[in-house]
Amino acid sequence: MIVFTLGFARMGEIDEEIEQANNISSMDAQAYKVADGGVDDDGRPKRTGTVWTASAHIVTAIVGSGVLSLAWGIAQLGWITGVSTLLIFSSISLYSSGLLADCYRAPLSGKRNYTYRAAVKTYLGGRKHKICGLVQYVLLVGMVVGYTITAAISMLAIQKSNCFQKRGHGAQCKFSNNPFMIGIGIVEIFLSQIPNIHKLSWLSIIAAIMSVSYAGIGMGLAFTKAVSGHGETTSLTGEEIGPNLTAADKVWGMFSAIGNIAFACAYLQILIEIQDTLKSSPPENKVMKKANIIATLTATTLYMLCGCFGYAALGNGAPGNLLAGFYKPFWLVDMANSFIVVHLLGAYQVMAQPVFYVIESWASTRWPKSKFVTKEYPVTIGKNNLKFSVNLFRLTWRTIFVVMATLLSMALPFFNEVLGLLGALAYWPLTVYFPLEMYIAQKNIKRGTSWWFGLQLLNLVCFLAALGAACSSIHGLYKALHTYKPLKVTQ
């Protein structure tokens with residue numbers, strides 16, 4: 001894709017060019033001031049974010065469709081290991097996010113790091129920031145594709161639910177999800193023209209409300225079934241080995257569940273970008289830590305309730321999607337699936353905006369005099385004088401990106417296995433390794449000390465967990481390839 005050919009081939013040069021672009025002249029600052037009503041201490045547009053908008057952004061990123069797979073994850077691991085794994089990974093993410101929040105500004109100059117990779121470059125330098133960028137943007141692009149697939153599946157579930165309601169559960173209700181993916185792509189083309197993440201607070205808040213809503217519906221359905229006495233069989237060790245489950249498949253399932261839970265708790269890849277929306281006073285790191293606590297506690301509570309109630313209701317045979325275990329009431333299940341769609345439409349943009357930024361920053365520094373790249377064309381619509389600006393390069397590049405992501409989703413509808421692999425590979429470096437290494441550099445922790453050994457032990461444990469989850473994802477991908485029919489999959 002374009003992000004690969006342009007974003008990574010000249011990684012180091014892009015960093016230097018973006019850094020030069022950030023040194024805005026006083027004339028440019030005045031232009032910003034006129035256009036946006038003020039500038040920050042570095043001449044960039046004034047930030048207006050608060051702890052609540054940041055929390056909404058984070059919740060939008062954390063509480064994705066992964067919340068619905070937690071019942072399945074606990075079913076693979078059992079009550080003890082499943083719940084413990086969820087709490088451990090949530091705690092690790094919260095701890096690492098606090099360390100990363102302190103890395104937002106450079107230690108001596110106080111200069112802002114506008115992206116996660118810029119923070120890695122400031123503290124670790126060398127090749128590590130290039131590796132970080134590669135992992136981060138591959139993950140973000142993968143999540144965009146995965147969100148397209150998941151949203152389409154939820155829309156398809158609504159269509160199937162209506163079919164079952166009219167024709168009964170024994171009816172052959174199978175449809176293609178390609179029309180839904182195309183529709184999602186069209187909507188995202190329009191949403192992607194929002195210039196930057198600063199303008200997405202309203203969308204992120206709506207998406208966060210939707211995520212809490214569909215998680216609440218799934219939790220409510222599971223709770224009702226569990227307390228009614230109709231819950232399925234559960235156990236301390238999860239799904240048991242028997243005629244329908246070999247020992248090997250049990251092991252693969254456990255590692256896959258660990259990967260799903262770890263990935264559900266990971267959001268650090270966009271934390272710096274979210275922190276860059278916060279007002280400069282009070283200090284961004286203090287506000288961000290509060291936002292991290294609010295968002296992580298909210299997400300973990302939802303995860304625990306959905307995962308535990310879902311497992312109690314559906315038992316060892318819990319499906320990968322919690323909502324797939326319920327058919328009635330039809331209207332409520334359909335509502336939950338519609339909430340998933342709205343949430344993922346917003347989460348798509350939260351994930352895509354950093355990718356848009358790196359390419360557009362590179363283009364503006366490469367061709368600073370090109371009107372196609374830099375000129376903004378003001379547009380006014382309607383009697384209420386709705387004003388916005390159009391940039392031709394932004395319009396072209398972002399449209400191509402969305403089209404490519406949509407086509408990839410349609411061609412590889414089992415991309416969830418690939419996304420699981422990307423998540424397993426990305427969780428360890430982005431959520432654990434880089435934040436801990438930056439913290440070690442910031443605090444100048446000496447090699448061989450007990451503190452250093454403790455951090456390295458955490459690094460090692462998370463690496464091994466990610467490695468096991470990656471192997472499990474490869475195994476699942478291998479099995480999926482045997483039934484692969486491009487653009488012809490029905491569900």
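**Salt bridges and buried residues in a predicted model**

The structure holds five salt bridges, a salt bridge being a side-chain nitrogen of Lys or Arg within 4 Å of a carboxyl oxygen of Asp or Glu. This is a predicted model, in which local features need pLDDT of at least 70, side-chain atom pairs count only at pLDDT 80 or more, and totals for chains, interfaces and linings use all residues. Residues are numbered from 1 along each chain as its sequence is written, and side-chain values use heavy atoms, with hydrogens and water left out.

**Confidence**

- The mean pLDDT of the chain (the predictor's confidence in each residue, from 0 to 100) is 80, and 84% of the residues reach 70 or more.
- Over residues 1–36 the pLDDT is below 50. Where pLDDT is low, the predicted coordinates should not be read in detail.

**Salt bridges**

- Lys-289 and Asp-102 meet through their side chains in a salt bridge, at 2.9 Å from N to O. Lys-289 lies in helix H12 and Asp-102 in the loop between helix H5 (70–101) and H6, so the pair ties together parts that are 187 residues apart in sequence; helices are DSSP runs (H or I, at least four residues), numbered from the N terminus.
- Asp-276 forms a salt bridge with Arg-112, with the closest N and O atoms 2.7 Å apart, and both Asp-276 and Arg-112 are buried, where buried means under 20% relative accessible area (1.4 Å probe, protein chains only).

- Asn-292, which lies in helix H12 (residues 284–314), is buried, with a relative accessible area of 1%.

Terms used. Helices (H or I, at least four residues) and strands (E, at least two) are DSSP runs, numbered from the N terminus. Buried means under 20% relative accessible area, exposed over 50%, partly exposed in between (1.4 Å probe, protein chains only). Contact means heavy atoms within 4.5 Å.
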